[in-house]
Amino acid sequence: MEYKKLNNILGWLVWAIASVTYLLTIEPTASFWDCGEFIATAYRLEVGHPPGAPLFMLLGKFFTMFTSAENAAVAINVMSALSSSFTILFLFWTITAMVKKLAMKTGELTQSKTYAIMGSALVGSLAYTFSDSFWFSAVEGEVYAMSSLFTAVVFWAILKWDAVSGEKHSTRWMVLIAYLMGLSIGVHLLNLLAIPAMVFLFYFKTRDLNVKSFFIATGYSLLILGVVQFGIIPGTYKLGSMFEILFVNSFGMPFNSGLFVYIILLIGLVAYGLYITQKKQKVVWNTILLCFTVILIGYSTFAVIMLRSAANPPMDENNPENAFSLLSYLNREQYGSAPFLTGQFFNTPLDPREPYKEGKPVYFQNKETGKYEQTNKGEKDQPNYDSKTSGFLPRMWSSQGHHVDAYKQWSNFRGKNVRASNGETIKIPTLGENLAFLFNYQWGHLYWRYFMWNFVGRQNDVQSQGEITNGNWLSGIDALDSMRLGDQSKVPSNTLNNPGRNTYFFLPLIFGLIGLVYQFRKDPKDFLVLGLLFFFTGMAINFYTNPPPLQPRERDYAYVGSFYVFTIWMAVGIYALYEILSKKAPQTISAIGVTIFGLFAAPVLMGTQNWDDHDRSGRYTARDFAKNYLNSCAPNSILFTNGDNDTFPLWYVQEVEGYRTDVRVVNLSLLNTDWYIEQMRRKAWDADGIPQRIPDYKIRQGTNDFVPIYDRGIEGHVDVDEAIDFLIDDTPKSKVTVSSGKSVDYFPSKNFSIAVDKQKVMSNGTVPKDKIDRIVDKVEWTINKNYIMKNDLIILDILAANDWERPVYFAITTGADSYIGLTPYFQLEGLAYRLVPYKAMSFDGQTGEVANEIMTENLMNKFVWGGMENPNSEIYLDENNRRMCMNFRNNFSRLAEDYIRLGKNEEAVKTLDYCLSVMPERLVGYNFFMIPVAESYYKLKEYEKGNGVVRSLVNMYHEELKYYLTLRGDDRKSIQGEIDRAKYILQQLIMLTNDKYKECGLADEMAEKFIEINSLILTQG
């Protein structure tokens, strides 16, 4: 069979294998993290978080047009799956193109060489198909799968140009690449990182490789990357915003008139430039202009963001409806920025001579005056750090306390003394310590660890912050693994049985290293091209973004571009093995034999190892848990949430499935921004906007971002209505001067109260009949801080304006800081606490009074369980899902304990039994949250049920403790907290069965084990 035909057939074969794999394992609904938001923005064409993904939205909308709202998530997940399988297709063709170039260096293309080329491409492309990180993104509705597709197509296209560069019209491939890059910006910026590799391929097409040419090519590549990323992308809209403010503010024209004039001028200038360069035969300039034009055409998808924002949809993040807000949106200004080559360290003080400086102008549309007004004019609102205690390569820059501790741990911080401008001597990180953090954490932990996951193996699916027990790479060769991770023969069974424990015995890595060396020797130019792509899509990301430690989740999905490159080297390694073997055996047999060996040693091994922890079929937990949050709330409620996983899935079920749209979900993290507050004040679906009293001008960006609290000695508690009146007042008596010299609003007391209209709270169902006698005249509380942030201010504003009209809830996952001291008046009704006008009676020492009737209705009847509850279910629950389940188990145990307190033992047994049935141990392993469940069973004299829980806990923590105590030195130190916790839990379990409930009979059954445990606790403490 001719080469081209075989290349096409096998390419589509690997596409089919990848498509079937991903379609069989996609999640059938939204996943946790950003997926719910992306699916909602695509389905409703709404505006998601910066910098947006308009092309993803448009294509996602197309996929959802052929299905119902309930299946919209499946449609977008299918889009990701197909994007990923087409990535595999183009990877296959990329490999055959590159390996063929290598094969032709040793003579003509023979049949055996053809088989070896195709075999190497099969191994490389299928290895990437089943690789850990790429497979993860392939089965969920996120942008990374589509971004990978663009990278794959662009790199394939540059190889197509390389093959025909000497032919007429070959520059059309360059124009296609530019257009694809313009389009890719509407998905994710990662695709731009392929530019340096393409520049090198183009530059060295007609030049020799030497030190001088290398640096020249490096300069060109960085220049072009910089022009696109920092020039074309923000610059296009920056220039448009300058036209806009000129035409609106200076010429008195309507809003957006300057932008329209700018667009017309831009189109005219580009068209004229193309005409002139074509007419005068300026081929290079014509090509550059064509590439610039098609980049803008592809990039124009961001017009969708602006148009949809102008329609004020329910989800409209950053409100980018004009040139200025869109520019801020594209620049991700909401998230701030980290220093790059120079800047502050984590303990750099502000410059005492000028602690603050003017930041970028912030404009808003004043529709009353018809002009743009600068909200921060003349204000010094940006910190100005002391240059004497700043420095070069500031890897350790975040001043957040938990980050500082982690910086010191990862860098072995000692510091050097430097005298600051204020005369104080402080210890700042040395250059060596900054480099240590770069190599140990930003490259070691946040890149090479992920790389090894994909080509060597993975310890488990638990997120790691550097401890030896979780998230490390693992080979499966016990002798080697024991040297790094402790005695592998002592590893506890819950780790051995973790679905994320995958081992490849170094085989994929070895193939890749062989290919890397082989290509370096045979074709150093192409090796350099791949090496640049590998570096820029891997380590360079962290070098530029400068991430702090303690990331909220694993970030391996961001580096799949570099893993893509390594699978190309894997394929080259297979071809290298063919060349070696063909010298000692028949060439055709060598090609087939090496291919079969490579397939079993890499993709087959990786696929069988990875299937169980990448198969999300049958898992509905993110959707169902979101419904449970909403079902915890009474009709027409306000629900405060805080994180991604208690917000994005809720947005999904409301925006896409139309579920419980009467509940107004208010994210406290976003409530620090003016645009979000304004949106929350608007009606959305069936939910009215949040009640308000504070006028808009008081909450604009830069105004009341934080509000000081200066206690003026006011007796008692200040009514929140009066407090808001005081803040609204613009007279000097309600102002205070802060360190920056600015006069700002403030609160004169930390003690607040809300008056309670007893008749209202009785008539509207806030208080049930059996609690009427507990209603207080005022809800009184204290905020134990010297200032509050804007989100806390808006909570106070809502409480003042609401006046008990609508139920107010806080999600149980928001954290104590978000409750602003209101917890004495919290009632637990499910996954949320309700603010009630009576003192909560918590009998278990936890937050909130258990509303047992409401809790029973919610937990036992309304809540849904994502597929866990099916008796034969074998769905995979990753760490994030398992962690979310802990909240449910705690709620069940609290409800059961409350029934026991009330003497309702039958209801308590039903509650506990239901807990075990909907979250079985085989899917959600037990942990310390199950101790109250066991004790409740013992109190109810359900000894065998309680013993079953305790046996599992004792066996698990005993195994863990034995393993922990085999570790030494820093390894032991990294998990000291886990050791202490295991000892404490085991002590509690022994006391439970030996002393408190000896009649359960477990103490006798496990006597020998208890003696061994006590020995471990006492002798190795």
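A salt bridge requires a side-chain nitrogen of Lys or Arg within 4 Å of a carboxyl oxygen of Asp or Glu.

The model is predicted: local features need pLDDT of at least 70 and side-chain atom pairs count only at pLDDT 80 or more, whereas totals for chains, interfaces and linings use all residues. Residues are numbered from 1 along each chain as its sequence is written, and side-chain values use heavy atoms, with hydrogens and water left out.

Glu142 lies in the loop between α6 (132–138) and α7 (144–164). Helices (H or I, at least four residues) and strands (E, at least two) are DSSP runs, numbered from the N terminus. Leaving aside residues up to four places away in sequence, Glu142 touches Asp34, Cys35, Phe38, Phe56 and Ser80, contact being defined as heavy atoms within 4.5 Å.

By the salt-bridge rule, the count comes to 45. Side chains of opposite charge can pair when their charged atoms come close. Arg623 and Asp624 are joined by one of these bridges, at 2.9 Å from N to O. Arg623 counts as buried at 18% relative accessibility, and Asp624 is buried at 5%. Asp721 and Arg693 also form a salt bridge, with an N to O distance of 3.2 Å. This pair links distant parts of the chain, 28 residues apart: Asp721 belongs to helix α27 (residues 720–728), and Arg693 to the loop between α26 (674–680) and β13 (706–708). Both partners are partly exposed, Asp721 at 30% relative accessibility and Arg693 with a relative accessible area of 29%.

In the salt bridge between Glu944 and Arg951, the closest N and O atoms are 3.3 Å apart. Glu944 is exposed, with a relative accessible area of 54%, whereas Arg951 is partly exposed at 22%. Elsewhere, salt bridges with shared partners join Glu27, Glu140, Arg616, Arg619 and Asp878 into one network.

Helix α15 (residues 401–411) has His403, Val404, Ala406, Tyr407, Trp410 and Ser411 as its buried residues. Viewed down the axis of α15, these residues fall within an arc of 165° and therefore line one face of the helix; the arc is that of the directions from the helix axis to the C-beta atoms. An α-helix has 3.6 residues a turn, so residues three or four places apart point the same way. On the other side of α15, Asp405 and Gln409 are exposed. The cover over the buried residues of α15 includes α16 (431–455). Just after α15, Asn412 adopts a positive phi of about 55°.

An open sheet of 3 strands has the order β14-β17-β18, with mixed pairing. Its edge strands, β14 (718–719) and β18 (778–782), each pair on one side only. Two strands are considered paired if DSSP finds at least two bridges between them. β14 and β17 (residues 751–755) pair in the parallel sense over 2 bridges, and the bridge partner of Val718 in β17 is Phe752.

Terms used
Buried < 20%, exposed > 50% of the residue type's maximum accessible area, 1.4 Å probe, protein only.
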